[in-house]
Amino acid sequence: MSKKLRLGMIGGGKGAFIGAIHRIAAQIDSEYELVCGAFSSNPDVSLESGKELGLNPARCYASFVELFEKEQQLPENERMQVVSIVTPNHVHFEPAKLAMQSGFHVILDKPMAFSLAEAKILKSVAEETGQRFCLTHTYTGYPMVKEAKQQIAAGKLGSITKIYVEYPQGWLSKLEESGDNKQAAWRTDPSKSGKGGCLGDIGTHAFNLAEYISGLKVTQINAAINTVVEGRKLDDDATVLLKFDNGASGILFATQVAAGEENNIKIRVYGQKGGLEWQQDDANSLVMKWIDEPRQVLRTGGAYLGNFAKHNTRTPGGHPEGYLEAFANLYRNFALTIQAELKQETATEEMLDFTGVDDGVRGMAFIEQAIASGESTQKWMDFVV
């Protein structure tokens, strides 16, 4: 049995940003070999993209439907095993559904679907087919995010009382979609993005990070949703009050009109014994804060860290573990889980530590219910999935 999993890709052709990120992430640990793809809705672009990646032209398909049909006809030891779907939101549901029904495992860019209804169907299909499903919430892949989660799970902070999570960007401070910015165009188009603009693009990351690190689940939300830039069709700014299942409260803000900001997603979690803080701009550091002791700064690569941080660290202490490595951790853990199952072995907790269908459904519920709260005079709403 070959060590590498055979990977296909839908989307991510010439000129696409996130497709290249996914391919780099898949290659870092040599767990995958890209063997095929339907890289564009334009067959010529798909073929040209595949050729540039060194693929066999016969396995550069004109559509995702053709991809699944032709790959199923290949011998089992040649056909694709995992497909990575890196298309805009409105082209998540159909290929992900068909992939699992065709016997392929799925890695899907977030958010999970165009709507909550679609996300729930995908969850049902995953359960019915038994295919593995990974949703790429990148920031959960950082070693110190995993250390933060493990510190809280071990009770180091005591009962959690308050969570602040923020994701400020500034790249949509102007009406970028009115020009030739393709990334801005589809993200601000309700026919391609869905109900959420900023909420779907980065708000879901903040929501997921809060639940992932804390181990808690949101039970109520109260949202203020804004569209700041005149002429924009979707939200570009949001502030959401949160209540969690242990009684803790939280504040989430996500904005793409904070001029001058880049991608410094940041989270602070406080408990009865102390707090912690992590931010992407200093991703190797986890700040621990105590009531009666000096604050500590834990660093990636330290021998004192827990098993989840160590499992997801590649370099000696002092060497930055960045965005691409965090992305790659999702790909690697997913691959290790599938490889364990192929060998009829039990996947470890560290291998199984990747975001999946349940996270995806909750993310879509967050988008739709935050929009509903923002439009309502009632404001506080129960968070129902």
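**Reading the pockets and aromatic rings**

Visitor: How many nonpolar, polar and charged residues are in the lining of the second largest pocket?

Guide: The lining of the second largest pocket has 6 nonpolar, 9 polar and 5 charged residues. Ala, Val, Leu, Ile, Met, Phe, Trp, Tyr, Cys and Pro count as nonpolar, Asp, Glu, Lys and Arg as charged, and the others, including Gly, as polar. The model is predicted, so local features require pLDDT of at least 70 and side-chain atom pairs pLDDT 80 or more, while totals for chains, interfaces and linings use all residues. Residues are numbered from 1 along each chain, and side-chain values use heavy atoms, without hydrogens and water.

Visitor: Which residues lie closest to the centre of that second largest pocket?

Guide: A pocket is an open set of points on a 1 Å grid where a 1.4 Å probe fits, with protein on both sides within 12 Å along at least five of seven lines; lining residues have an atom within 4 Å of a point. Here, 20 residues line the second largest pocket, and Arg 6, Glu 76, Met 80, Gln 81 and Leu 342 are the closest to its centre. Helix H11 contributes the most to this lining, with 4 residues.

Visitor: What is the space in the largest pocket, and which residues lie nearest its centre?

Guide: The largest pocket holds about 1,300 Å³ of space. Its lining comprises 50 residues, with Ile 18, Val 86, Gln 183, Trp 186 and Arg 187 nearest the centre. Helices H1 (17–27), H7 (182–187), H8 (190–193), H9 (198–214) and H11 (323–342) each give two or more residues to this lining. H7 supplies the largest share, 4 residues. By class, the lining has 21 nonpolar, 20 polar and 9 charged residues.

Visitor: How many aromatic pairs are there?

Guide: Rings of Phe, Tyr and Trp (its six-membered ring) pair if their centres lie within 6.5 Å; planes under 30 degrees apart count as stacked, over 60 as edge-to-face and the rest as tilted. The count in this structure is 12 aromatic pairs. One of them, Phe 68 with Phe 104, is stacked, at 5.8 Å centre to centre and 25° between the planes. Phe 68 belongs to helix H3 (residues 64–73) and Phe 104 to the loop between helix H4 (93–101) and strand S4 (105–109), 36 residues apart. Helices (H or I, at least four residues) and strands (E, at least two) are DSSP runs, numbered from the N terminus.

Visitor: Which residues form one aromatic cluster?

Guide: Tyr 32, Tyr 139, Tyr 167, Tyr 323, Phe 327 and Tyr 331 form one aromatic cluster.

Methods:
Grid points are joined across faces, edges and corners, and a volume is the space filled by probe spheres set on the points.
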